[in-house]
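Here's a quick briefing for anyone meeting this structure for the first time. Have a look at it first, then read on for the main points.

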Amino acid sequence: MTLIGDRQQLSYIAAQAADARVNVELETEGMTLNIGPQHPATHGTLRIIARLDGEQVVWAEPSAGYMHRGYEKLTEVRTFPQVTALVNRIDWLGSFANEVPFILAAEKLMGVEATPRAQHIRTILFELSRIANVSLFLGDLGVQLGAVTPVFFAFRDREYVLNLIEAATGGRFHPNFDRIGGLKDDLPAGFIDETRSVMKKLRNFCDEIENLLFGNEIFQSRTRGIGVIPKEVALQYGLSGANLRASGVDWDLRRDQKIAMAWDKADWKVITHPDGDSFARCWVRLQEVRESTRIVDQLLDTIPGGPVMVKVPKIIKVPEGEAWVSTENPLGEMGYYVVSKNDQGPFRVKIRSASFNNISIVPWLLKGVYVPDIITILASLYFILGDIDR
Amino acid sequence: MHALLASDVPYWAQSLLRVLGGLVAVLLPAGTVVYLFLFKMMSFMQSRLGPMEAGPYGSLQLFAEVGKWLQKEDIHPARADKFLFKIAPLVVLASTFLLVVVVPFGPDAWFTNFEAGIFYALAVSSVSVLGILIAGWASANKYSLLGGLRAAGQLVAYELPMVLAVIGVVIQAGTMNLQEIVVAQNAGSMFGWDGLGNPYLLTQFVGFAVFMIAVQAELTQTPFDMPIAESELVSGYMTEYSGFRFLIFFIAEFATAGVFSMIAAVLFLGGWGVPFSWFGWTSLGDIDNWMNIVGPLILFTKMIVLTFLIMWVRFSYPRFREDQLQGFAWKVLIPVSLVNIMVTAILKVAF
């Protein structure tokens, strides 16, 4: 297997150049391939229109909107507490993380702040939903590249995390647990010990995936040097999250902004990778799951006492004003711009979801790659359809 | 089979028996491989149980599946070339039946005893490429077309290392007749010790590795499953097939896995035989008749071991890219097998 490595990448580039020459001479015709909306690699209903020359992409564009549910508009006819039930359906794999920035924005407008205990538990649940989200990515990565086994490991170990979230919130997928001023409930008895053992299992899972996929030569030859996003391009397209950090930009909202959450109480580091290719994106996510388990472990030790809810009125009216709060969600930066007109519900909400911006780079990135690499690149960019279409 | 079937069996009855034997030789490995590996081993590797409801430990699941497929309507895409679309799976399955014809199952239990058996086997194994190309073209589907073209490129590229890997065995055995290759292995000796015969796995391990990799590619199993590539091409050339035509593709896939494993067992593991020294046999002539019953079982066991290898790799590895696959065939496998042939030839002359 010595052929795989840098030489392989060089020959790949050379093959691309050769293809271009041959096609001029033979006057071959292109073919338009519709990848999706119904396609196994699109995690739902993303449609990618690709113009192919043989198996090489000449031009490609994602066509989003097949699953648009109008959440921004729907929030206008909901009260503030009701909105969480909507927004945790945006990124359905890490639902709790969707609620947090919205509640933080509402709290900012009202001028209340959750109790330290509530902030702590919020952060723990936030990181648990990150783990639930990204661990499924790590399994799905294998399926996209043709390895069927890792996804079952991912589902097996994600189940433990979902059980934890269920124990704490009552909901596995849609917790709807965050409240303005705190949380609906305190943690259940035994949650802390259980979480510790689950975090251990998740670290084992990361090792498993690393052995099974990341160390595999075929996986490396399929991802290294494929879909390279340079630092400047990543910034220009507004990428966020692991996609940005994999391009070498050291930027993580958990660390870089002052926010009423408990990330600063734990000792962890932001993972970056200089390469910007598909492998880097996958690797960064793997390491972030590990860091998340470390964050959770440390926060479990230092949960402060006290209530989980401050006193807020029974019927919440949010004073007039505008607020923008974003957090570092599993998929990248997720933010809510909330406009309130001193009413029970928001006047207008703009949702900035990570995946929508992350896939905006797809036309730039897919130019000139081969069909199998489309799948690699889409898998490594990691989007969730609900997060694109909202 | 003259001992089992006395000479007064009429020709039509012999033909019928051969057809039945062929069906058993194709369907039994396919069923076993599917149940044992696709259903159970894959499930255990993935920390789940697999089918458990139909029959004890889900052993009748395959019958349930076959029943389901047979009930389905025989549909074809509106713009497909109907005749070619319908005939393609049969062409693929035909190559499996043609392959099993030359496999020896026992000292007298064979369908035909070709002098150029292995040559014939390698030739007819590429008939399936035709079927796959026909399926890919006739489906009138872009994914199918891409899959079919990939399959053609891949299968043609991997014919060569397979042939070259076999040449080492042929040189060592001095014959292309599969029956004689079996006898040569079991009657042989290693440096005068004949306790294990001389299975070519030990001397032709490079050839064995190349052969198994080429078989993996020939069967379009992961990591060489780009023609199917369900995350890229939906199901490649099989995308538009459903019902019993899909079933035929399915049977052909796993039956061919079984038959190729049998051929590999014949070439490298001594086929149906046990080392002849155990029972004091010296040639094909003085083998006891019970080997016609036990021989197929031994071959079957060896086949299970080899399909286990194929499936193990299939469930563990991600898939190559098309250009990497071609590079691997031409830059690694073919040079390695050429060197293997050279070394084998030199050693053959030297000893």
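Let's start where the two chains meet: 29 residues of chain B are in contact with 31 residues of chain A, where contact means that the C-beta atoms of two residues, placed from the backbone, lie within 7 Å. Keep in mind that this is a predicted model, so local features need pLDDT of at least 70, side-chain atom pairs count only at pLDDT 80 or more, and totals for chains, interfaces and linings use all residues. As for names, residues are numbered from 1 along each chain as its sequence is written, while chains are lettered from A and ligands numbered from 1 in the order in which they are written.

**Where chain B touches chain A**

- On chain B's side, the elements giving two or more residues are α6 (142-173), α11 (291-316) and α12 (322-350) of chain B; helices (H or I, at least four residues) and strands (E, at least two) are DSSP runs, numbered from the N terminus.
- The largest share of that side comes from α12(B), with seven residues.
- Sorted by class, chain B's side has twelve nonpolar, seven polar and ten charged residues. Here Ala, Val, Leu, Ile, Met, Phe, Trp, Tyr, Cys and Pro count as nonpolar, Asp, Glu, Lys and Arg as charged, and the others, Gly among them, as polar.

**The two domains of chain A**

- Chain A is assigned domain 1 (6-63) and domain 2 (78-389), with bounds that come from an automatic or database domain assignment.
- The C-alpha centres of domain 1 and domain 2 of chain A lie 31 Å apart.
- Between these domains of chain A, 18 residues of domain 1 are in contact with 18 residues of domain 2.
- Domain 1's side of that contact draws two or more residues from each of α1 (6-26), β2 (47-53) and β3 (56-63) of chain A, and β3(A) gives the most, with six residues.
- The residues on domain 1's side divide into nine nonpolar, seven polar and two charged.

**Sheet β1-β2-β3 in chain A**

- Three strands of chain A make an open sheet in the order β1-β2-β3, with antiparallel pairing; two strands pair if DSSP finds at least two bridges between them.
- β1 (31-35) and β3 of chain A stand at the edges with a single partner strand each, so one side of each has no neighbour in the sheet.
- From one strand to the next, the twist averages 20 degrees. Angles like this run from 0 to 180 degrees between N-to-C directions, and axes are lines fitted to C-alpha atoms, for helices over the stretch in contact.
- β2(A) and β3(A) pair in the antiparallel sense over seven bridges, and A:A50 stands opposite A:A60 in β3(A).

**Sheet β6-β7-β8 in chain A**

- Another open sheet of three strands in chain A runs in the order β6-β7-β8, again with antiparallel pairing.
- Its edge strands are β6 and β8 (348-352) of chain A, each pairing on one side only.
- The twist in this sheet averages 10 degrees from one strand to the next.
- Helix α4 (residues 95-110) of chain A packs on the sheet and touches β6 and β7 of chain A, its direction making about 150 degrees with that of β6(A).
- β6 (residues 321-329) and β7 (residues 332-340) of chain A pair in the antiparallel sense over nine bridges, and a hairpin joins β6(A) to β7(A) through two residues.
- If you want to trace the pairing, A:T327 stands opposite A:M334 in β7(A), and the bridge partner of A:V325 in β7(A) is A:Y336.

**A helix pair in chain B**

- Helix α5 (residues 127-138) of chain B packs with α6(B) at an angle of about 160 degrees, and their axes are 7 Å apart.

**Backbone details**

- A cis peptide bond joins B:T222 and B:P223, with omega about 5 degrees; B:P223 lies in the loop between α9 (205-218) and α10 (243-268) of chain B.
- A:N176 has a positive phi of about 50 degrees although it is not a glycine, and A:N176 lies in the loop between α6 (150-169) and β4 (178-179) of chain A.
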